[in-house]
Amino acid sequence: MDEMQVRQDIETRYEHLEQRVLENNPNASVLRLRAAFEYADRHHGAQLRKSGEPYITHPIAVAEIVAELDLDLDSIIAALLHDCIEDTDSTHDDIAKQFGTTVANLVEGVTKLTRMQYTSKEEEQMENLRKMFMAMANDVRVILIKLCDRLHNMRTLQFQSERKQKEKSLETMEIYAPIAHRLGMQRLKWELEDLSLQYLDPIGYREVQQELDALTTENSEFLARMQKQIEERLAQEGIQCTVYGRLKHIYSIYRKMYAQSKTIKEIFDIYAFRVIVADVSACYNVLGCIHDMFKPVLGRFKDYISTPKPNGYQSLHTTVIGGEGIPFEVQIRTWEMHQTAEYGVAAHWKYKQGMANSRLGTEKEFEWVRKLLESQQDTDPDEFVRTLKVDMFADEVFVFTPNGDVKSLPAGATPIDFAYSIHSAVGNSMTGARVNGRIVTYDTPLKNGDIVEIITSKTAKGPSRDWMNICKSNEARNKIRQWFKKERREENIATGRAAFEAELKHMGLTMAAITATQDLLDTLLKRVRFNSLDELYAAIGYGGMSAQKAVVRIKEEMTRLGRLERQNAERQALQANLNAGETIFPANAKLQPPPAGRPRHSESGIIVEGLDNCMVKFAKCCTPVPGDPVVGFITRGYGVSIHRADCPNADPARRKPEEAGRWVNVSWVEGETATYRTSLEISAKDRDGLALDVAMALSTQKVKVNNLSARSQPDGYALVSLELSVRDKGELTGVINKLAQISGVFLVKRAGG
Ligand code: MN
């Protein structure tokens, strides 16, 4: 082609577009349209596409696809100009001056999406990429124009290198087709998917296509017959309708065959008839007729009219078996539903044409778009779409790492949030940040699509405390706090200690008072959940706990301990009186037991090897008495605990190795006159008067009983538990023998032994 022919060809293409625009909208300003065409043509100049055609043929083709969707003139003009900012010296301001800010903003929006890079191949990144894509466009028309741009590029992909083909196809399959689906634009989605599949799996694509062709040839007569039958029957019923048959698009069959490993004959809905009628009640009438004519397949009927799909799709679906046993699907819908099914959100502009004179508001039909896009309340239907903002993800911002991974951060996030979302080590060694290649301050809010790079250094001083006020995410804040906790321990302890001591003084306490004994200090620290004073100071230092809170709790605990001590003293006095009484057997068999493991001093009758005058208590588990072989265990804070040598808790095999040094030899003091508490268990056949006989036996032995309780067992036996005081093992043996002689008793044993 010579220069003249090329110019002529371009002019023809433009005129075709103009025709198309006038068809939909006879009042469209052809002057504006032509001005846009000439502007784009001039700016792209001699640029060529990979196919060798002049570059301007691409924007014209994209504008034509946009016009086919019946979008408004601004969108069509923006489509003509869509590559000007990206590929020529044209600017937003320049376009705004000549075509208005709406067009300029649309072009700029498309440019932003074009600049987005999709290097990530990670599955979990894809949804983020899709969200980011939609969040970046603040007008739904930007997305629609970009989808049309992509569709034309996919249609002409054969001129690109194989690598580029695969890349673009993958991107289309993962990003563009799902977005088209989300916006309800089935027709666009199908074409995008089929084109992508052609490059991603050319062999699989051809296989499906060939099988489909063979099947269609085989069944073409059958299909024609079915269609005729349906048309005739519906005509008889007086239902006005349009019936047409169609094949499922290749990718959806491909998915069913490969993902669900079905053969093509096992797929029920390869053939589908569409019946399009005037109103909803006709839909249900048609359904009745179809089910009357053919046998419906169970479980295949779906009513998407009463329950539309999330993207607004409405139709009745049913699968029936035709005369030759061949199943086919029937989809029944109104014209409005049909438009929405094919064009989704773009159907709005189509409706506008057809309903210009109708009193029907388009508001209701677009409820789903409103929900889908969470648009602002806008009552005028025209304004509604013009200002349709895609703010589905208003509380999130999506940015790229230099590798092309997408990070989702809270709206208003800063480079600090970004750094910590990568890794705490990145945040902690950050010395600067670049956004889209330019150095920025730490408090710069990130925008959708920004490429953020963090500059780090091994000698970085670490985060500063005001970063916690700048960052927006809890993740960053926690990680910064964590750093102060770990890295600045010494400093934290010092500042924490100062704050703590000041607060103590303020509350009228002294350090000496709370550290009087190690026991007391441990108890107090337990109350604030720390193991040492340093840990407490450190926590106060990095802000994990306030000094005030710590001191308040400690003060409460001191008060509680003081009260407890007074109560204990009273109870001990009471117990001493009780023990002094000569009660042989208490009238009330269930006495309050004395406080467990009450420490006794060296009057206990025990000598602890190597320790003079230490506290001694008798272990509750085995209650030793003089004469029993015994061992001692040095407890933390409660002196030496005395066990019988045969007590399971003192078994050398079960002692913890780290506590080996705590086990000590102990022995009984000869000639001791004190009494010792011990426990016995009696097993007997249950009978009336058993407890009385036990009491009598004890009484004759002149044994002091501290506690006695008898329990009936479900199997006809009884268990009697005794707590008594004896002088030594000899006396205890006498008691045991006496008890064993009671009728029905078959076992008397020492508790815990
Ligand atoms: Mn383009």
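# A guided tour of a predicted protein model

Of the 753 residues of the protein chain, 46% count as buried, where buried means under 20% relative accessible area, with a 1.4 Å probe and protein chains only. This is a predicted model, in which local features need pLDDT of at least 70, side-chain atom pairs count only at pLDDT 80 or more, and totals for chains, interfaces and linings use all residues. Residues are numbered from 1 along each chain as its sequence is written, and side-chain values use heavy atoms, with hydrogens and water left out.

Begin with the whole chain in cartoon view. Its secondary structure comes to 29 helices and 20 strands; these are DSSP runs (helices H or I, at least four residues; strands E, at least two), numbered from the N terminus.

**The manganese ion.** Select the manganese ion next. It is coordinated by H58 (NE2), H82 (NE2), D83 (OD) and D149 (OD), at 2.2 to 2.4 Å. Donors are N, O and S atoms within 2.8 Å of the metal (3.2 Å for Na, K and Ca); water is not among the atoms, so sites may look incomplete. D83 lies in the loop between α4 (73-80) and α5 (84-87) and D149 in helix α9 (residues 140-155), so the pair ties together parts that are 66 residues apart in sequence. D83 is buried, at 5% relative accessibility, and D149 is also buried, at 3%.

**The nonpolar cores.** A nonpolar core is a set of buried Ala, Val, Leu, Ile, Met, Phe, Trp, Tyr and Cys residues joined through side-chain atoms within 4.5 Å. Select L17, L81, I95, L147, L183 and M185, which touch the most other members of the largest core, a set of 71 residues. Helix α9 gives the most to this core, with nine residues. Apart from it lies another core, of 45 residues, among them V397, V399, A476 and A547.

**Helix α7.** Move to residues 101-115, which form helix α7. Its buried residues are V103, A104, L106, V107, G109, V110, T111 and L113.

**Strand β15.** Finally, select residues 640-644, strand β15, where five of five residues are buried. In a regular strand the side chains alternate between the two faces of the sheet. Here V640, I642 and R644 point one way, and S641 and H643 the other. Two strands pair if DSSP finds at least two bridges between them. The bridge partner of V616 is V640, and that of G632 is I642.

Terms used: Buried means under 20% relative accessible area, exposed over 50%, partly exposed in between (1.4 Å probe, protein chains only). The expected span of a helix is 1.5 Å times one less than its number of residues.
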